[in-house]
There are 2 protein chains.
Amino acid sequence: MEKITVTLGERSYPITIAAGLFNDPASFWPLKAGERAMLVTNDTLAPLYLQPVRQQLESTGIEVDQVILPDGEQHKTLAVMDRVFTALLEKPHGRDTTLIALGGGVIGDLTGFAAASYQRGVRFIQVPTTLLSQVDSSVGGKTAVNHPLGKNMIGAFYQPASVVIDINCLSSLPARELASGLAEVIKYGIILDGEFFCWLEANLDALLALDGKAMAYCIRRCCELKAEVVAADEREMGQRALLNLGHTYGHAIEAHMGYGNWLHGEAVAAGMVMAARTAERLGEFSAGDTDRIISLLQRAGLPVHGPESMAATDYLPHMLRDKKVLAGELRLVLPLALGQACVRGGVAHDTVLAAINDCQKPA
Amino acid sequence: MEKITVTLGERSYPITIAAGLFNDPASFWPLKAGERAMLVTNDTLAPLYLQPVRQQLESTGIEVDQVILPDGEQHKTLAVMDRVFTALLEKPHGRDTTLIALGGGVIGDLTGFAAASYQRGVRFIQVPTTLLSQVDSSVGGKTAVNHPLGKNMIGAFYQPASVVIDINCLSSLPARELASGLAEVIKYGIILDGEFFCWLEANLDALLALDGKAMAYCIRRCCELKAEVVAADEREMGQRALLNLGHTYGHAIEAHMGYGNWLHGEAVAAGMVMAARTAERLGEFSAGDTDRIISLLQRAGLPVHGPESMAATDYLPHMLRDKKVLAGELRLVLPLALGQACVRGGVAHDTVLAAINDCQKPA
């Protein structure tokens, strides 16, 4: 079992990583006998994990209710979040309840925001079931739902009480979703840890084969890197923005193509190549390093070109709605080396457009 | 001009109270030239105040957009809040925008929660236009929208950057709404300040006549009392709950009768009498003091009986959804004397029902 602490003063919390956690009564700390909880999951995961998790909780003396939401990014909305409130109020659950987010990033983000908002804040536990949510969205307290005009535009900074990562969940994950998670894994190497990037080049095949030891190390290292960044900058005033490498471009792809058509990690993968090309055009990143990024992404089964149906000019309106925009000016996360990145304002739109064009699929 | 500070460390903020603030360019601090703002108001207030406020802001060099919502408690919903997000994203406004809540409690609560949630938190300024919001909801950072199953069930603790109270607004306020605000004013006297209760007994006629000096003192005293409570207990772990005197019963009336049919202050007025009767039945409050409360409420034009169409048993299901409920048990705010109150758990439901019956209108 791997255990990390996210250090945030009185809001510090543990991340536990192991195979078979759903069978351990201690996993769902800090829930204890006599307390109530609301399990939030989706209709894809419910048949797989709802019964074992419920059973574990109930055998510990916890009273569990449940709400099952439709699966998919297109359902990460205020209207779907309202169903969680309805479920809570029908029983009714009080301010002393605990929400359990059992699912991927959509369930985690939506449930986290519901926990932040229900009665102005109740406790919640993240139980991420996808690689993407295990290494990224379940750690750090960013919660949100989407708006038709922008992804993650409505939300809160709200920390979970604990994060429970059972790597056995990955065996039921479709290959495309595993790859989507690997995009965020590779991102950590690029922005924060060149040595980890090299480790990924050496161990990608083991990860694709779901080798338990490699996967546990990989998830722990990503959570460690993210926990360090979040501890230093919880509300994204500075360094935390680096975690958005590829996301400004990627969010444009997701918004333009319709949420759910391109997976988040797929859009981020193409976006990271665009960021690398932008940095290259500014003379701050080497073409050789871009090639190493492209090669690793491709080995992971990820796209390295933008969607064919999307022109470079289609990106900008979406990019200008990015939360990093200040006084109408784009601020981009750009790589400087493998293991180092920066936030850059004042990049000419022409440079951005040219870099996006560099990443169009050759005819 | 009266000025108070709500002391909350780095989240401290000023409350400014005066007649004619909308004509003073310094009023909308901390907004400054070159910044952007989104004015949120309703269709009743827009014809009265939108132009003067816009003009003042624009003459200071602030770029102002606006969104006008339908008036009424029944519109304090997630769906109506979403219109604020749409207005912000259409322009689009960035994380550096400021929301201005120009209106009563509904606009203030909804806009505050929108500010807490838009891009995970942007700045906002409260410009309360009703007595109720001036003395209560605009101070203290409780923001929320309603759910069909419970009032204020979805929200955040989120502090404004400043509160701007122009008492000239009260001259356009319908008499019923002025009375509704006086219910919360009287509440402060009951729970925190017996001397202020006596001042109200002596000065109620001046307040009803909108005497400027009396009104400015009254609003300042209420804001001071609330600011002290909030500074000591921002997230309502203890003392802050006292501000809910009458609200647990009152919320039941509002929910049962349909939001907007009984004004909030009207429901709280009847609820305070019910709380006093409950305390009387527990031997903790004198019938003479209940009579003084009833007399003052009646002079203010407020109801002191529950709705005729509502049986005592209709209250409990709503009361059990109150945010103070812990482990399924009601916790009630009860007066102990004029100027002193407490939070009490474990009151028998029969006692609560009997006290509600004490307040039924005589046939």
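The model is predicted, and local features are given only where pLDDT is at least 70 and side-chain atom pairs only at pLDDT 80 or more, while totals for chains, interfaces and linings use all residues. Residues are numbered from 1 along each chain as its sequence is written, chains are lettered from A and ligands numbered from 1 in the order in which they are written, and side-chain values use heavy atoms, with hydrogens and water left out.

## The sheet of chain A

In chain A, seven strands make up an open sheet of mixed pairing in the order 1-2-9-6-5-3-4, where strands and helices are DSSP runs (E, at least two residues, for strands; H or I, at least four, for helices) numbered from the N terminus, and two strands pair if DSSP finds at least two bridges between them. Strand 1 (2–6) and strand 4 of chain A are the edge strands, each pairing on one side only, and the twist from one strand to the next averages 15°. Within this sheet, strand 6 (residues 123–128) and strand 9 (residues 162–166) of chain A pair in the parallel sense over two bridges, with A:Gln126 standing opposite A:Val163 of strand 9.

A salt bridge (a side-chain nitrogen of Lys or Arg within 4 Å of a carboxyl oxygen of Asp or Glu) is formed by A:Glu63 with A:Arg36, their closest N and O atoms being 3.4 Å apart. This pair links distant parts of the chain, since A:Glu63 belongs to strand 4 (residues 63–69) and A:Arg36 to strand 3 (residues 36–42) of chain A, 27 residues apart. Over all chains, the structure holds 44 salt bridges.

## The sheet of chain B

In chain B, an open sheet of seven strands has the order 1-2-9-6-5-3-4, again with mixed pairing. Its edge strands are strand 1 (2–6) and strand 4 (63–69) of chain B, each of which pairs on one side only, and neighbouring strands are turned by 20° against each other on average, direction ignored. Strand 3 (residues 36–42) and strand 5 (residues 98–103) of chain B run parallel and are joined by four bridges; B:Leu39 stands opposite B:Ile100 in strand 5 of chain B.

## Helices on the sheets

Axes are lines fitted to C-alpha atoms, for helices over the stretch in contact, and angles run from 0 to 180 degrees between N-to-C directions.

| Helix | Strands touched | Angle and reference strand |
| Helix 7 (residues 212–232) of chain B | strand 1, strand 2 (13–18) and strand 9 (162–166) of chain B | about 10° to strand 1 of chain B |
| Helix 2 (residues 78–90) of chain A | strand 3, strand 4 and strand 5 (98–103) of chain A | about 155° to strand 4 of chain A |

## The interface

The contact between the chains takes 34 residues from chain B and 34 residues from chain A. The buried area (the accessible area, with a 1.4 Å probe, that two parts lose on being put together, summed over both) is about 3200 Å², of which carbon and sulfur atoms give 57%. In chain B, B:Leu89, B:Arg95 and B:Arg120 lose the most area to chain A, together 26% of what that side buries.

Across this interface the rule finds zero salt bridges, whereas 10 residue pairs, both residues at pLDDT 80 or more, are in polar contact. Such a contact is a pair of N or O atoms within 3.5 Å; within protein, one must be able to donate a hydrogen and the other to accept it, and residues adjacent in sequence count only if both atoms are side-chain atoms. On the side of chain B that touches chain A, helix 2 (78–90), helix 3 (105–117), strand 7 (142–147) and strand 8 (150–157) of chain B each supply at least two residues. The residues of that side divide into 17 nonpolar, seven polar and 10 charged, with Ala, Val, Leu, Ile, Met, Phe, Trp, Tyr, Cys and Pro counted as nonpolar, Asp, Glu, Lys and Arg as charged, and the others, Gly among them, as polar.

## Local backbone features

B:Arg120 has a phi near 65°, a positive value in a residue other than glycine, and lies in the loop between helix 3 and strand 6 (123–128) of chain B. The peptide bond from B:Trp29 to B:Pro30 is cis, with omega near 5°, and B:Pro30 is found in the loop between strand 2 and strand 3 of chain B. In chain A, a cis peptide bond with omega of about -15° joins A:Lys91 and A:Pro92, and A:Pro92 is found in the loop between helix 2 and strand 5 of chain A.

Terms used: Contact means heavy atoms within 4.5 Å.
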